[in-house]
Amino acid sequence: MYAVIRTGGKQYRVAEGDVLRIEKITGDIGAEVSFTEVLLLGGSDSPKVGQPTVSGAKVVGKVLAQDKHRRVLHFRKEKEGWTRRRGHRQPYTEVKVTSISG
């Protein structure tokens, strides 16, 4: 069974046992989180498509890590002879999907 969930402004296709990195959410390491915005449920039967979400469907996961991605550098050079280098590290939450119900 698989599901399509929406979190952090993005959509993810998940199945039980998947590990995914999503936009940072609150929760300690080892805590359970549930995603109720399930857009689609699929599997052996015909898929259930929500309008916009599937009512009563839920995906439960366990928080594995709260960390930051690798640094992304932005380098800018102008004709006048000056340069600027800036960096950014986006925080994320690593989640392992434990169950899908619906």
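Predicted model: local features only at pLDDT ≥ 70, side-chain atom pairs only at ≥ 80, totals over all residues.
Residues are numbered from 1 along each chain as its sequence is written, and side-chain values use heavy atoms, with hydrogens and water left out. The protein has 10 strands and 0 helices, where strands (E, at least two residues) and helices (H or I, at least four) are DSSP runs numbered from the N terminus.

**Overall fold and dimensions**

- Followed along the sequence, the secondary structure reads β-β-β-β-β-β-β-β-β-β.
- The radius of gyration of the protein is 18 Å, while a compact globule of 102 residues would have a value near 13 Å; the radius is taken over C-alpha atoms, and the globule rule is 2.2 Å times the number of residues to the power 0.38.
- The C-alpha trace spans about 65 × 30 × 20 Å along the principal axes of the protein.
- Among contacts (heavy atoms within 4.5 Å) between residues at least 6 apart in sequence, 62% join residues at least 24 apart.

**Surface and charge**

- Of the 102 residues, 28% count as buried, where buried means under 20% relative accessible area, exposed means over 50%, and partly exposed lies in between, with a 1.4 Å probe and protein chains only.
- The accessible surface comes to about 7,200 Å², and carbon and sulfur atoms hold 46% of that area; accessible areas come from the Shrake-Rupley method with a 1.4 Å probe, and for residues only the protein chains shown count as cover.
- The protein carries 19 positive and 11 negative charges, whose mean positions are 9 Å apart; Lys and Arg count as positive and Asp and Glu as negative, with His and the chain ends not counted, and the place of a charge is taken as NZ of Lys, CZ of Arg, CG of Asp or CD of Glu.

**Nonpolar core**

- In the largest nonpolar core, which has 17 residues, the members that touch the most others are Ala 3, Ile 5, Val 14, Phe 35, Val 38, Leu 41 and Val 59; such a core is a set of buried Ala, Val, Leu, Ile, Met, Phe, Trp, Tyr and Cys residues joined through side-chain atoms within 4.5 Å.
- At least two residues of this core come from each of β1, β2 (10-15), β3 (19-23), β4 (32-35), β5 (38-42), β7 (58-68) and β10 (91-101), and the largest share, 3 residues, is supplied by β10.
- Beyond its neighbours within four places in sequence, Val 14 is in contact with Tyr 2, Ala 3, Ile 5, Leu 20, Val 59, Val 97 and Ile 100.

- Met 1 lies in the segment before β1 and counts as exposed because its relative accessibility is 57%.
- Although Met 1 and Ser 101 are 100 residues apart in sequence, their C-alpha atoms are 9.2 Å apart in space; residues that Met 1 touches, apart from those up to four places away in sequence, include Leu 41 and Ile 100.
- Thr 7 belongs to strand β1 (residues 2-7), and it counts as buried because its relative accessibility is 11%.
- Gln 11, in strand β2, counts as exposed at 55% relative accessibility, and it touches Val 4, Ile 5, Arg 6 and Leu 39 when residues up to four places away in sequence are set aside.

**The loop between β6 and β7**

- The peptide bond from Gln 51 to Pro 52 is cis, with omega near 5 degrees, and Pro 52 lies in the loop between β6 (48-49) and β7.
- Thr 53 is also placed in the loop between β6 and β7, and at 30% relative accessibility it counts as partly exposed.
- Leaving aside neighbours within four places in sequence, Thr 53 is in contact with Arg 6, Glu 37, Val 38 and Leu 39.

**Strand β9**

- Arg 84 lies in strand β9 (residues 83-88) and, at 39% relative accessibility, counts as partly exposed.
- Arg 84 touches His 74, Phe 75 and Arg 76, not counting residues up to four places away in sequence, and its C-alpha atom is separated by 8.1 Å from that of His 74, 10 residues apart along the chain.
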